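Open the model in your viewer and keep the selection tool at hand. Each stop below says what to select and what is there.

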Amino acid sequence: MRKRLKKLSLLLIGVMLISLFSGCTKNTSATSSSKINVGALFELTGQVASYGTSEYNAVKLYIDNINKNGGVLGKQINLIKADNKSASDESINQATKLIVENNVVAILGPATTGNTKAASSIALSKNIPLITPSGTSLDVTVDTNTNKVKSEIFRACYTDPYQGKVMGEFAAKDLNAKTAVIYIDNKSDYSKGLAKSFKEQFEKLGGKVIDQEAYVAGDQDFKSTLTKIKGINADVIFIPGYYQDTAKIAKQAREMGIEVPLLGGDGWDSPDLLKIAGASALNNVYYSNHFISTDPDPIVQDFIKKYKAAYGTEPDAFAALAYDSAGMLVQAIKDANSTDPAKITDALANLKNFKGVTGTISIDAQHNPIKQTVIIELKDGKQTLKKKISAE
């Protein structure tokens with residue numbers, strides 16, 4: 001009897017341990033047949049929290065709307081929020097957690113190139129698709145050492161060199177410029193990349209870059225260099241930097257009587273540009289961007305209306321790109337007719353003619369979007385649509 005009781009006790013303990021173990025390891029949301037787990041990995045705190053917060057808000061807006069309208073494949077999307085704290089090491093940690101613990105079928109984000117590359121190293125190792133709204137460097141989707149495409153990594157934005165090419169062509173063809181000066185942030189790969197491709201395209205079309213000057217992000221006084229640039233008297237000045245610096249450069253240039261067109265890339269796009277530079281400095285200014293809020297396209301206006309209703313502010317280009325990245329993922333799940341990450345990856349690689357806020361998007365062989373580009377002209381600091389450039 002004592003032996004039987006002992007065996008029975010051991011059996012009961014074993015059953016209890018199995019039940020306890022199962023209860024501790026089972027992720028109910030991940031295994032639920034009615035939900036699709038998707039990671040939202042963004043810079044919600046830290047140095048570039050403004051970018052990440054804007055992008056997360058837009059992703060959540062899109063997913064909430066999808067869920068309200070029945071979800072996708074008859075399932076609700078369970079958006080799992082993760083903060084990389086604007087750091088590469090935390091991007092790795094959070095990507096690992098999303099994939100291993102939360103069983104996500106895909107990741108949206110991060111916002112910046114460095115954090116995207118960090119998170120994508122995990123996504124690649126686990127064969128989970130990742131879409132960055134705004135990681136613009138070439139090596140986000142392609143290993144530049146081997147020229148091999150990173151199979152699971154995609155983006156909703158165009159690349160840095162593409163922007164420079166567009167602005168070089170705009171300067172030569174639309175502004176009929178024959179000479180240009182380039183003024184770069186000497187420590188920014190973004191600035192250098194745009195400058196290189198601008199020069200190549202501008203000179204290919206018959207223009208001449210007659211000088212290149214440099215500043216360092218955070219500088220306050222640009223007048224010495226601007227005096228030299230003024231004396232050169234080029235037709236245009238290309239300043240591929242971020243708004244914190246370009247706003248000050250524009251303000252000081254205009255105060256010194258430099259009236260030629262100032263050109264830039266999407267780094268100029270910020271409501272704070274006008275606050276820093278002042279309206280009078282922001283005339284005859286042109287820059288490339290992903291979208292413009294005054295675009296009458298119904299898709300654009302519907303997005304702006306929804307975003308303002310949800311968050312009480314107008315969306316920026318980061319929000320527009322993130323909204324499209326969420327849309328690209330949902331479309332891929334529909335096209336794949338599956339929540340299998342491998343099938344979603346294949347569907348993303350073959351995505352065609354997705355109608356987004358930033359244009360009609362098809363994915364090319366290097367996992368970059370083929371879509372339109374917007375050239376914005378500033379008139380007293382107010383954005384106006386100068387030109388839409390169709391996808392190549």
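Start with aspartate 83, which sits in strand β2, residues 76-83. Strands (E, at least two residues) and helices (H or I, at least four) are DSSP runs, numbered from the N terminus. Before moving on, note that this is a predicted model: local features need pLDDT of at least 70, side-chain atom pairs count only at pLDDT 80 or more, and totals for chains, interfaces and linings use all residues. Residues are numbered from 1 along each chain as its sequence is written, and side-chain values use heavy atoms, with hydrogens and water left out.

Stay on aspartate 83 and show its surroundings. Beyond its neighbours within four places in sequence, it is in contact (heavy atoms within 4.5 Å) with Phe42, Glu43, Leu44, Thr45, Glu90 and Gln94.

Now select threonine 45. Its side chain makes a polar contact with the side chain of aspartate 83, at 2.7 Å. A polar contact is a pair of N or O atoms within 3.5 Å; within protein, one must be able to donate a hydrogen and the other to accept it, and residues adjacent in sequence count only if both atoms are side-chain atoms. Next, pick lysine 85: its backbone nitrogen is 2.8 Å from the side chain of aspartate 83.

Jump to lysine 371, in the loop between β15 (369-370) and β16 (373-379). Is lysine 371 buried or exposed? It counts as buried because its relative accessibility is 3%. Buried means under 20% relative accessible area, with a 1.4 Å probe and protein chains only.

Finish at alanine 156, whose backbone oxygen lies 2.5 Å from a polar atom of the lysine 371 side chain.

Conventions:
Buried < 20%, exposed > 50% of the residue type's maximum accessible area, 1.4 Å probe, protein only.
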